[in-house]
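This report describes one chain, starting with its overall layout and moving on to single residues. Please keep the sequence and the model in view while reading.

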Amino acid sequence: KKSPKSETVKSNRDLVQEWIDLDEVEAAYNAKSYATCFVAENLLRDYIKYVNLEKNVDEKNINKYKTKVDKAKKEAGIDYEIRQKTDGLYYADMTDLTDAIATPKEKSEHFGICMHAKKFKPLRDAVAHTGLLTDEAKMDLELNFTNIKERIVKKLDEFKVADTLIGKKED
């Protein structure tokens, strides 16, 4: 004969397993959104490095975030490096990254790369804090990612044209 305690443990175990199963489904749903956020931010970093705009990234914000990360590591008793890439760009947020590459005109546009970064931030934050995005939010995230990607392509085209013109002047 089973004691009521063992049945409670089993039912609690089943309940916890149901939660895990549901959370795994939701995690799979959000995995693509997380990947989109990861790629978008790193795409901006790659562009910044490619065209040598690291000096345009707000060093004050980078140092502030590095301090926050170091404090959290210290409080957790972590003495090893947790990031593979530790230069300042990898501590810059989306706003810092887009501000570093945007022209003054783009910073004031309601449709420019800075606006896409502003729209991207709350969506990215929800994903980063394990929030399950609605279908509308996922579509918005994808649309903003596409716009950021296309802005980078356009900027690279402009950079290569300018680089070609500069190269021809030196000949």
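## Overall layout

Read along the sequence, the chain follows the pattern α-α-α-α-α-α. It holds 6 helices and 0 strands; helices (H or I, at least four residues) and strands (E, at least two) are DSSP runs, numbered from the N terminus. The model is predicted: local features need pLDDT of at least 70, side-chain atom pairs count only at pLDDT 80 or more, and totals for chains, interfaces and linings use all residues. Residues are numbered from 1 along each chain as its sequence is written, and side-chain values use heavy atoms, with hydrogens and water left out.

Of the 171 residues in the chain, 29% are buried. Buried means under 20% relative accessible area, exposed means over 50%, and partly exposed lies in between (1.4 Å probe, protein chains only). Contact means heavy atoms within 4.5 Å. Among contacts between residues at least 6 apart in sequence, 72% join residues at least 24 apart.

## Helix α5

Helix α5 covers residues 113-128. It has 16 residues and spans 21 Å from its first C-alpha to its last, close to the 22 Å expected at 1.5 Å a residue. The expected span of a helix is 1.5 Å times one less than its number of residues.

Where does α5 bend? The bend is at Phe120 and amounts to about 30°, with a proline, Pro122, following within four residues. The bend at a residue is the angle between axes fitted to the seven residues ending there and the seven starting there. An α-helix has 3.6 residues a turn, so residues three or four places apart point the same way.

## How α3 meets α5

The axes of helix α3 (residues 94-101) and helix α5 come within 9 Å and cross at roughly 175°. Axes are lines fitted to C-alpha atoms, for helices over the stretch in contact, and angles run from 0 to 180 degrees between N-to-C directions. The two helices are therefore roughly antiparallel to each other. Angles under 35 degrees count as roughly parallel, over 145 as roughly antiparallel, 65 to 115 as roughly perpendicular and the rest as oblique.

Which residues make the contact between α3 and α5? On the α3 side they are Met94, Thr98, Asp99 and Ile101, and on the α5 side Ile113, Cys114, Ala117 and Phe120. By class, this contact has 6 nonpolar, 1 polar and 1 charged residues. Here Ala, Val, Leu, Ile, Met, Phe, Trp, Tyr, Cys and Pro count as nonpolar, Asp, Glu, Lys and Arg as charged, and the others, Gly among them, as polar.

## Two loop residues with positive phi

Most residues other than glycine have a negative phi, and most peptide bonds are trans. Asn52 has a positive phi, near 55°. This residue sits in the loop between α1 (4-50) and α2 (59-76), and Asn52 is exposed, with a relative accessible area of 53%.

Just after α5, Thr130 also takes a positive phi, of about 55°. Thr130 belongs to the loop between α5 and α6 (135-170), and its 71% relative accessibility counts as exposed.

Not counting residues up to four places away in sequence, Lys155 touches Tyr47, Ile101, Thr103 and Glu106.

Met139 lies in helix α6 and is exposed at 58% relative accessible area. Its C-alpha atom is separated by 9.6 Å from that of Ser33, 106 residues apart along the chain. Lys160 is in helix α6 as well, and is partly exposed at 45%. The C-alpha atoms of Lys160 and Val51, 109 residues apart along the chain, are separated by 9.6 Å.

In helix α2 lies Asp70, partly exposed at 44% relative accessibility. The C-alpha atoms of Asp70 and Glu81 are separated by 9.8 Å, and the two residues are 11 residues apart along the chain.
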